[in-house]
Amino acid sequence: MKRILHWFRRDLRLCDNTALSASCRDGDTVFPIFVLDPKLLESTDIGAPRVAFLLDALASLRRSLEERGLPLLILHGEPRSVVPAIANDLEADAVFTNRDYSPYGRRRDAGVQAALGELGIGWRDFADLVLVEPWECVKDDGSPYTVFTPYARRWRQVAKSPPLRRPSMKPTTLPRQFRSVASSLPTLSSLGFSLHARIIAGGEPQAARRLRRFVSSRLARYRSDRNTPSLTGTSGISADLKYGTLSSRQIYATVARFVGEEHVDLDPSRSHLGMNREEKHRLQEAGAFVTELCWRDFYHSVLFHFPRVLRGPFRRQYEHMIWPEKRPEIIEAWTEGRTGFPIVDAGMRQLNETGWMHNRLRMITASFLSKILLVDWRIGERAFMQRLVDGDPAANNGGWQWSASTGTDATPYFRIFNPLLQSKKFDPEGKYIRRWVPELADVEAPLIHEPARDPSTLARTGYPPPCVDYQKRRAAALDLLRGVSRTNIAK
């Protein structure tokens with residue numbers, strides 16, 4: 001009788017879970033486990049929103065498993081010790097899990113696999129986290145892509161696996177000594193966290209509802225509405241992708257049904273012959289969301305092939321660059337949403353209050369910190385990870401390096417988001433600003449975008465003046481970045 005330990009990590013669901021399906025197929029007895037890793041929980045990048053969402057998702061997963069007669073063992077400790085020990089105690093023949101492409105995850109898994117091998121216990125890992133694995137989308141010579149556009153062209157040609165059905169599960173009886181472990185789930189406070197943001201609830205049923213709402217009410221206008229922060233135009237499932245309460249295959253297949261199986265991998269930014277008007281509309285609107293799934297895979301690929309990006313810039317000429325602004329009060333003004341630039345402050349307050357920020361605002365606030373305030377982008381990268389419910393090392397690092405022009409992006413240093421122009425373009429009536437910067441609620445456009453033009457408005461509302469002179473800082477940023485970008489250092 002084959003006994004398999006299924007190790008849940010970023011796959012907190014029963015539907016379309018590659019390793020779980022394999023466990024249930026190959027094993028006569030399956031023991032599901034989750035390990036609360038102190039290396040991750042004590043990281044300076046961790047924050048209460050992500051941990052709270054994780055605990056929600058674990059509670060939901062535990063209920064789903066218990067309904068099928070499988071207790072979830074929730075363990076706490078260093079995986080290299082905990083996983084082999086529990087596998088040995090339960091007399092497991094093998095540990096099955098889904099692959100992790102992060103530098104820490106790969107080191108951790110190599111250590112666990114080696115320790116299991118010493119005990120004569122097998123190890124199998126599976127493709128689950130991304131649509132296309134990092135080594136499946138490379139150049140003809142086998143080297144990784146470092147620019148998104150050619151990566152996306154090849155990515156669209158790679159076949160995507162269809163979702164798997166929820167596996168049939170046989171009830172499992174735990175030995176008596178493990179039953180108390182299976183019934184215990186820590187609280188947020190017991191792990192040392194205090195949540196102040198109003199975050200969404202985690203769990204597979206909640207994730208499925210969010211996906212249905214997105215497809216039924218927003219996917220048909222995704223490209224048109226996604227950059228307007230006052231609208232509910234984005235998917236709202238980024239945290240579900242982060243923790244795997246939805247799989248990327250489920251999402252891709254759902255979008256493919258909407259766009260058409262024969263069209264889903266076409267580039268939505270180009271025209272294609274033989275399509276009628278409705279087909280073109282669906283591809284242009286929903287195809288833009290497929291491109292976002294491609295970006296997600298791209299950043300996982302970059303992190304896999306270039307793990308050093310978590311420690312420093314992808315472009316080596318920026319490694320020794322000194323970001324000049326170090327004053328704590330300036331960094332705090334950005335972090336707390338008190339810069340005096342309304343669109344920037346609205347984005348940061350949304351992040352602080354909800355654990356989430358609209359993607360357009362992520363670009364605006366990141367560009368502002370690195371290229372106007374001239375603060376080291378790594379400070380912002382960490383601040384986002386501490387506050388985001390969907391904080392993912394690959395995507396967050398990729399986005400920050402894109403904004404700071406230190407990353408893989410082909411656009412050079414002189415792309416600087418002007419917060420005033422961004423505000424007027426994407427929030428012309430100031431609806432988003434009014435929601436998140438309530439002291440400006442009764443200020444009419446266009447003054448709401450730059451209230452400092454009228455000192456009496458600042459005096460009346462209590463809104464702060466700009467923390468820096470935008471034009472002077474922009475010029476300083478261009479001088480600084482121009483010199484560094486011309487340094488000829490190979491990647």
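**Close-up views of the predicted model**

**View A. C15 is buried, at a relative accessible area of 19%.** Here, buried means under 20% relative accessible area, exposed over 50%, and partly exposed anything in between, with a 1.4 Å probe and protein chains only. This is a predicted model, so local features need pLDDT of at least 70 and side-chain atom pairs count only at pLDDT 80 or more, while totals for chains, interfaces and linings use all residues. Residues are numbered from 1 along each chain as its sequence is written, and side-chain values use heavy atoms, leaving out hydrogens and water. A search of the whole structure turns up zero disulfides (pairs of cysteine sulfur atoms within 2.5 Å). C15 is in no disulfide, and the nearest cysteine sulfur, that of C24, sits 12 Å away. Seen from the other end, the closest cysteine sulfur to C24 is that of C15, and 12 Å is too far for a bond. C24 counts as buried too, at 13% relative accessibility.

**View B. D45 and R382 meet through their side chains in a salt bridge, 3.1 Å from N to O.** A salt bridge here is a side-chain nitrogen of Lys or Arg within 4 Å of a carboxyl oxygen of Asp or Glu. This pair links distant parts of the chain, 337 residues apart: D45 belongs to the loop between α2 (38-41) and α3 (48-67), R382 to helix α16 (residues 377-387). Helices (H or I, at least four residues) and strands (E, at least two) are DSSP runs, numbered from the N terminus. Both partners are partly exposed, D45 with a relative accessible area of 27% and R382 with 41%. For context, the structure holds 33 salt bridges.

**View C. K160 pairs up with D265 in a salt bridge, with the closest N and O atoms 3.3 Å apart.** K160 lies in the loop between α6 (148-155) and α7 (179-182), and D265 in the loop between α11 (248-259) and α12 (277-305), so the pair ties together parts that are 105 residues apart in sequence. The two ends fall into separate burial classes: K160 counts as buried at 14% relative accessibility, whereas D265 counts as partly exposed at 24%.

**View D. R362 and D390 form a salt bridge, their closest N and O atoms being 2.8 Å apart.** R362 comes from helix α15 (residues 359-372) and D390 from the loop between α16 and α17 (393-404), which puts the partners 28 residues apart. R362 is buried, with a relative accessible area of 17%, and D390 counts as buried at 8% relative accessibility. Elsewhere, R9, D100, R108 and D109 are linked in a network of salt bridges.

**View E. S60, in helix α3, counts as buried at 4% relative accessibility.** What does S60 touch once its neighbours within four places in sequence are set aside? The list runs G202, G203, E204, P205 and Q206, with contact meaning heavy atoms within 4.5 Å.

**View F. The largest cavity has a volume of about 90 Å³.** Its lining comprises 14 residues, and those closest to the centre are Y299, V302, N397, G398 and T408. On a 1 Å grid over the protein atoms alone, a cavity is a set of points where a 1.4 Å probe fits but cannot get out, and lining residues have an atom within 4 Å of a point. α12 and α17 each supply at least two lining residues, with α17 giving the most, six. By class, this lining has eight nonpolar, five polar and one charged residues. In total, the structure holds three cavities of 30 Å³ or more.

**View G. The second largest cavity has a volume of about 50 Å³.** Its lining is made up of C24, G27, D28, T29, V30, S168, M169, K170 and T172. These residues divide into three nonpolar, four polar and two charged.

View H. A pocket is an open set of grid points with protein on both sides within 12 Å along at least five of seven lines. Helix α5 (residues 103-118) gives the most to this lining, with five residues. By class, the lining has 21 nonpolar, eight polar and 18 charged residues.

Notes:
Points joined across faces, edges and corners; volume = space filled by probe spheres on them. Nonpolar A, V, L, I, M, F, W, Y, C, P; charged D, E, K, R; others polar.
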